[in-house]
Amino acid sequence: MPDLLFKKRAEKKTRFFSAFRSTVFATLTLATSLLAFSSTAQAVILDTTLNEQVVMVPAASGGRTVELETTIFKPLGNGPFPLLIMNHGKALGNPRNQNRDRFLVISREFVKRGYAVVIPMRKGFSKSSGDYADPGCNMTAHGQLQAEDLDSTLAYLRTQGWADNDNIVVAGQSYGGLTALAFGTHASPGVKGLINFAGGLKMHGGDCRWEQSLVQAFASYGARTTLPSLWFYGENDNHFGPALAARLRDAYVQAGGRARLIAYGAFKRDAHGMSGSRDGVKIWWPETEKFLREVGMPTDTLYAINEEYKFPKTEFATIDNVEAIPYLRGSAREQYRTFLSKSLPRAFAVSPTGAWSWAEDGDDPAAQALADCQKNSSQPCRLYAVDDRVVWSDEQGIAASTATAAAPAPVTTSAITGP
């Protein structure tokens, strides 16, 4: 069976291994601490600034009950909160090796407007039990099989007093976008609209005519839903380019579906990861705000969020002083010069062992740089530079720039690591 590829974010130049998360997060003004959450598998760092929690949601699978690892972000208070159910995609390889998705960029924008954001990992992904179902080249079935887990998620949410089950938006990115549109055919009460971020599924190898199958799937979904939907596809999407996106929209609409396609221009190296980048908010939020108002969902900001990273500039060296960086050996200084050519946000980390890493883009490149550096180092890595400022100080404590427990590694950045 050929691999099915979903790349949720910018192209990665290295594999991501064990997680190592920075303790610095965007903060709500009403809460600023972090909480270590213990599970039977490992300790993870949860972002209490967004009231993050992870629950195991029961779901049916072949006559037995399985559990879906589900991330929930909520505002302060008891609710009830309108809901955004956000759906993940699929990376190459075994879905059990996929990290828990958090969609921090999207989650932050919705939580500060009073929404609870619910992100279920579907059967067979990450720590969810059950098996991932692969119907091969049948893209219609792919979406519908994944959408079954959203029925289970909503059944759980209807038992929660904090959830406003009369005001729900279902969204997804790539394979999750396909899932969201498939779920639109279920006519679930309380769901007011669908948001599709670069939705689809791409098959590699074999003789599957996956594009045509994908068009057929979108036509099937459009014929069986009355929900309005908002779609985002960029010009340089390396999976679903403008021509295919237009075909998908036409098939969906001509079958009776309601869709507004936002065909924006090029975004960085690959528009497929636009929704996972902080820089993508200016593309998707204005149109999303308009869409939410049209379907009767709230859009006013209720919580002030400081979205800047708290890494103060030091006077250790200027950002372009390549020779000042401690511990680097061999060609590593050339990699720092490469780092200086990257776009913001970006971060560079280094360790006393000579290990280093840089990362760019995504929601938290600082955490990514630390995580990738640490996997090659027996000593703690520290941030040397963030964006256009040096944050290194010989006097600063190591604990200020490293995590003390394992956490889901961010997978939203382009990164390279050494030695």
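1. Let me begin with a pair of helices. The axes of helix 2 (residues 139-157) and helix 4 (residues 210-222) come within 7 Å of each other and cross at roughly 55°. The two helices are therefore oblique to each other. On the helix 2 side the contact is made by Met139, Thr140, Gly143 and Gln144, and on the helix 4 side by Trp210, Ser213, Leu214, Gln216, Ala217, Ser220 and Tyr221. Sorted by class, this contact has five nonpolar, six polar and no charged residues. Please keep in mind that this is a predicted model.

2. Helix 4 also packs with helix 3 (residues 175-183), at an angle of about 30° and with the axes 9 Å apart. The crossing of helix 3 past helix 4 is left-handed. Helix 3 brings Leu178, Leu181 and Ala182 to the contact, while helix 4 brings Leu214, Phe218 and Tyr221. Leu214 and Tyr221 are worth a look, as they are listed in the contact with helix 2 and in the contact with helix 3.

3. Helix 6 (residues 281-294) passes a simple length check. Its 14 residues, at 1.5 Å a residue, should span 20 Å, and the end C-alpha atoms are 19 Å apart, which agrees.

4. Which residues of helix 6 are buried? They are Val281, Trp284, Trp285, Glu287, Thr288, Phe291 and Leu292. An α-helix has 3.6 residues a turn, so residues three or four places apart point the same way. The cover over the buried residues of helix 6 includes helix 1 (104-111), along with strand 9 (163-173), strand 10 (191-197), strand 12 (228-234) and strand 13 (258-264).

5. Two residues other than glycine deserve a glance for their backbone. Lys268 has a positive phi of about 50° and sits in the loop between strand 13 and helix 6. Asp387, with phi near 55°, is in the loop between strand 17 (382-386) and strand 18 (389-390). Are they buried or partly exposed? Lys268 is partly exposed, at a relative accessible area of 34%, whereas Asp387, at 16%, is buried.

6. Do look at the peptide bond between Gly79 and Pro80, which is cis, with omega about 5°. Pro80 belongs to the loop between strand 6 (64-73) and strand 7 (81-87). Ala116 is 36 residues from Pro80 in sequence, yet their C-alpha atoms are 8.9 Å apart.

7. Ala116 itself lies in strand 8 (residues 116-120). With 0% relative accessibility, Ala116 counts as buried. Beyond its neighbours within four places in sequence, Ala116 is in contact with Phe73, Lys74, Pro75, Phe81, Pro82, Leu83, Leu84 and Trp162.

8. Finally, the chain as a whole. The protein chain has eight helices and 19 strands, and 60% of its 419 residues are buried. Of the contacts between residues at least 6 apart in sequence, 72% join residues at least 24 apart.

How values were computed
Residues numbered from 1 in each chain as written. Predicted model: local features only at pLDDT ≥ 70, side-chain atom pairs only at ≥ 80, totals over all residues. Heavy atoms only, no water. Axes fitted to C-alpha atoms, helices over the stretch in contact; angles between N-to-C directions. Helix = DSSP H or I, 4+ residues; strand = E, 2+ residues; numbered from the N terminus. Parallel < 35°, antiparallel > 145°, perpendicular 65-115°, else oblique. Contact = heavy atoms within 4.5 Å. Nonpolar A, V, L, I, M, F, W, Y, C, P; charged D, E, K, R; others polar. Expected span 1.5 Å × (residues − 1). Buried < 20%, exposed > 50% of the residue type's maximum accessible area, 1.4 Å probe, protein only. Left-handed = near helix turned anticlockwise from the far one by under 90°.
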